[in-house]
Every structure is written in structure tokens, then in C-alpha cells.
Amino acid sequence: QVELVESGGGLVQPGGSLRLSCAPSRSIFSTNNLGWYRQAPVKERAWVASDIRGCNTFSSDSVKGRFTFSRDNAKNTAYLQMYNLKSEETAVYYCNTAPVPRPWGQGTQVPVSS
């Protein structure tokens, strides 16, 4: 059973912007902290940003000021708005519960390249 579905990835040029979406099941969305993670080629998966049930949001130092986590409760959807993307941020991006993730979904690929 797929619990988390990410979308919105795609090729973007360095300096560009992209918004990722995550549509977890309603029970997961309403009762859990959610987070975004990413896994670059040949690297470990890393935390990017998360919230506390839609109240406070946190992000890693490397993306602070450029990436924004948000939720739309009416749409049962979480977002990661990314600005000024860098080539080294090429990765598969995943959403999941935070800080303890559930089984991972497929993720959405974000190649950052000119």
C-alpha cells in the first residue's frame, strides 16, 4: 500500500525554482509531522525540511532561506518550494513522516542542470 506520493520533480536549470508536492494518506497527514528528504547520487538520504503538524517548520542549514515547507490542509497536501536550486542539489526528493520515517515511496527526481 502506497502511503506517500511525491510529485512535481523535473529538470530545472541552476538558479531555477520548483515546487514539489506530497499527498500522504489523510490519517498520516493529519496526525504526523511531515518532512522532505533527498538522496543525491551515491550519497545517503538526508533530511531537508520538516514541520510540527503544520505549526513550526525547520530546514537544514544548506537550504535555509531558499526552500520552504508548507501544508494545505484543505488539499491534504504538503509542499516543498525550492528557489535558487544548485547543481549539487540534484537528487531524488522524498516526503515522509518526521523524524521517524515510514516505508519510503518512489520519490520524485529533480535534476538541476543547464
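Guide: Here is a short tour, one topic at a time.

Visitor: What kind of model is this, and what are the ground rules?
Guide: This is a predicted model: local features need pLDDT of at least 70, side-chain atom pairs count only at pLDDT 80 or more, and totals for chains, interfaces and linings use all residues. Residues are numbered from 1 along each chain as its sequence is written, and side-chain values use heavy atoms, with hydrogens and water left out.

Visitor: What is the mean pLDDT of the chain?
Guide: The mean is 94, and 98% of the residues reach 70 or more. pLDDT is the predictor's confidence in each residue, from 0 to 100.

Visitor: Where is confidence lowest?
Guide: In helix α1, residues 26-31, at a mean of 88. Strand β9, residues 108-110, is highest at 98. Helices (H or I, at least four residues) and strands (E, at least two) are DSSP runs, numbered from the N terminus.

Visitor: OK, the sheet. What is the strand order?
Guide: The order is β5-β4-β3-β8-β9, in an open sheet of five strands with antiparallel pairing. Two strands pair if DSSP finds at least two bridges between them.

Visitor: Which strands stand at the edges?
Guide: β5 (57-59) and β9. Each has a single partner strand, so one side of each is left without a neighbour in the sheet.

Visitor: How many bridges join β4 and β5?
Guide: Three, with β4 covering residues 46-51. Asp51 stands opposite Thr57 in β5.

Visitor: New topic. Which cysteines form a disulfide?
Guide: Cys22 and Cys95, with sulfur atoms 1.8 Å apart. A disulfide here is a pair of cysteine sulfur atoms within 2.5 Å. Cys22 is in strand β2 (residues 18-22) and Cys95 in strand β8 (residues 91-97), 73 residues apart.

Visitor: Is Cys22 buried or exposed?
Guide: Buried, at 1% relative accessibility. Cys95 is buried too, at 2%. Buried means under 20% relative accessible area, exposed over 50%, partly exposed in between (1.4 Å probe, protein chains only).

Visitor: What about Cys55?
Guide: Cys55 is in no disulfide; the nearest cysteine sulfur, that of Cys22, is 18 Å away. Cys55 is exposed, at 61%.

Visitor: Last one. Which residues touch the most other members of the largest nonpolar core?
Guide: Leu20, Trp36, Phe67, Leu80, Met82, Tyr93 and Val110, out of 24 residues. A nonpolar core is a set of buried Ala, Val, Leu, Ile, Met, Phe, Trp, Tyr and Cys residues joined through side-chain atoms within 4.5 Å.
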